[in-house]
Amino acid sequence: MLRALRDHGRLGRLCAVLTASAGLLTLQTAPALATPDTAEASGVNAQAPARTPLKDLTDNHVGSAVAASALVNENDYRSVLTEEFSSVTAENAMKWSELEPNRGRYDWSGADAIMDYARQHGKSVRGHTLVWHKQHPGWLNNLSASELRSAVKNHITTVVNRYEGEIRAWDVVNEVFNSDGTRRDSIFQRKLGDGWIADAFRWAHQADPSAKLYINDYNTGWVNDKSNAIYDLVRSLRQQGVPVHGVGFQTHLSIDYSFPGGFQSNLQRFADLGVDVAITEADVRMTLPVTDSKLNTQADYYERLWNACEAVSRCVEFTTWGYTDRHSWVPNTFDGQGAACLFDESLNPKPAYNRINPTA
Ligand code: G3I
């Protein structure tokens, strides 16, 4: 039903104009903007016809990766996030190295700050990520296979239990395949063998039977050896009764490369396996400097991602890996690249935002 609102967004806007002409508008149609955490704090001009926030344009979860520090310390960042997005993913705070830097001693400060924000503002949360070959603590490297197995089980159980019933979906395992479809080398793969992934899902499910459990990866937005390997693994795990409920497509794109061919049909083939699919880390980077034509191409890519998720009924989430160029991993990772997000550093919506939001 809400999907239809994309056009109704236009209707909403029309209503706004009609009411305005009746001199009743701003306060009535802009209640969302009138909350202390939005209008004043983000300096949005309460006189302007209210655009429908992204989160209200669709049934899907509309999310952003967040850093606890920005959430706590930047009012404007927090207010635009609150206005536009219905879901948050911890960019780093829920990763093993951040949560359990020393064996058995947890630092929940970052994760709790994000959970507190979500509770306070009624946001849903995607947990990222329980087991990954990166950002895991060093003390794991010296463990025997049996010690590592119990450490993985203990970590998954402890973290998932803590937020039981509050985290809608977990990236249980992240980036477990190489681009040629073989298993990625990691201490988990090396010491625990192929079965470690199935075990991780079972332990996560035992810890919170209500959470949707995902396998998440990058460069899987089209049919290739890696996406085929994930397809085959998910099918076989489900045939074994392993609780895999969804597949996450990170979707880190660049306008220097063509848009993934068959992106929508690829999402659909996974959905046809009986799982949810989600765009979990979308961004569209460019080689700087920014130009209008690059921003226009970026808008094309974001619009095609958004529309593909809208078109696939089991695509339940559109999450960006950071919503503002002020907080994006891209410049630190790709020299000379950036401007990958929907909002600029000053939190102004970019052409990509206006393209996917017809009320903007
Ligand atoms: O926490 C330490 C801090 O104590 C230290 O002072 C600082 C200086 O080096 O580093 C901080 O750790 C950084 C961490 O982000 C937290 O800010 C790491 O150096 C840095 O490498 C890490 O980068 C993160 C990266 O994952 C790690 O691989 C990015 O912020 C994060 O956006 C990125 O996210 C990944 C997803 O999890 C999985 N998919 C790809 C995506 C992009 O790489």
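β7 is the top contributor to the lining of the largest pocket, giving 3 residues. Strands here are DSSP runs (E, at least two residues), numbered from the N terminus. The model is predicted: local features need pLDDT of at least 70, side-chain atom pairs count only at pLDDT 80 or more, and totals for chains, interfaces and linings use all residues. Residues are numbered from 1 along each chain as its sequence is written, and side-chain values use heavy atoms, without hydrogens and water.

**Pocket**
- The largest pocket holds about 730 Å³ of space.
- A pocket is an open set of points on a 1 Å grid over the protein atoms alone, where a 1.4 Å probe fits, with protein on both sides within 12 Å along at least five of seven lines.
- Its lining counts 33 residues (an atom within 4 Å of a point).
- Tyr218, Gln250, His252, Trp329 and Phe334 lie nearest the pocket centre.
- β3 (124–132), β7 (252–254) and β8 (276–287) each give two or more residues to this lining.
- By class, the lining has 11 nonpolar, 15 polar and 7 charged residues.

**Ligand**
- The ligand sits in the largest pocket, meaning more than half of its atoms lie within 2 Å of the grid points.
- Around the ligand are 15 residues (a heavy atom within 4 Å), with Glu91, Lys95, His128, Glu281 and Trp321 coming nearest.
- This shell divides into 3 nonpolar, 6 polar and 6 charged residues.

**Polar contacts (N or O pairs within 3.5 Å)**
- A side-chain N or O atom of Glu281 is 2.7 Å from a ligand nitrogen.
- For Gln250, the side chain to ligand nitrogen distance is 3.0 Å.
- A polar side-chain atom of Glu98 lies 3.4 Å from a ligand oxygen.

Notes
A polar contact is a pair of N or O atoms within 3.5 Å; within protein, one must be able to donate a hydrogen and the other to accept it, and residues adjacent in sequence count only if both atoms are side-chain atoms. Ala, Val, Leu, Ile, Met, Phe, Trp, Tyr, Cys and Pro count as nonpolar, Asp, Glu, Lys and Arg as charged, and the others, Gly among them, as polar. Grid points are joined across faces, edges and corners, and a volume is the space filled by probe spheres set on the points. Helices (H or I, at least four residues) and strands (E, at least two) are DSSP runs, numbered from the N terminus.
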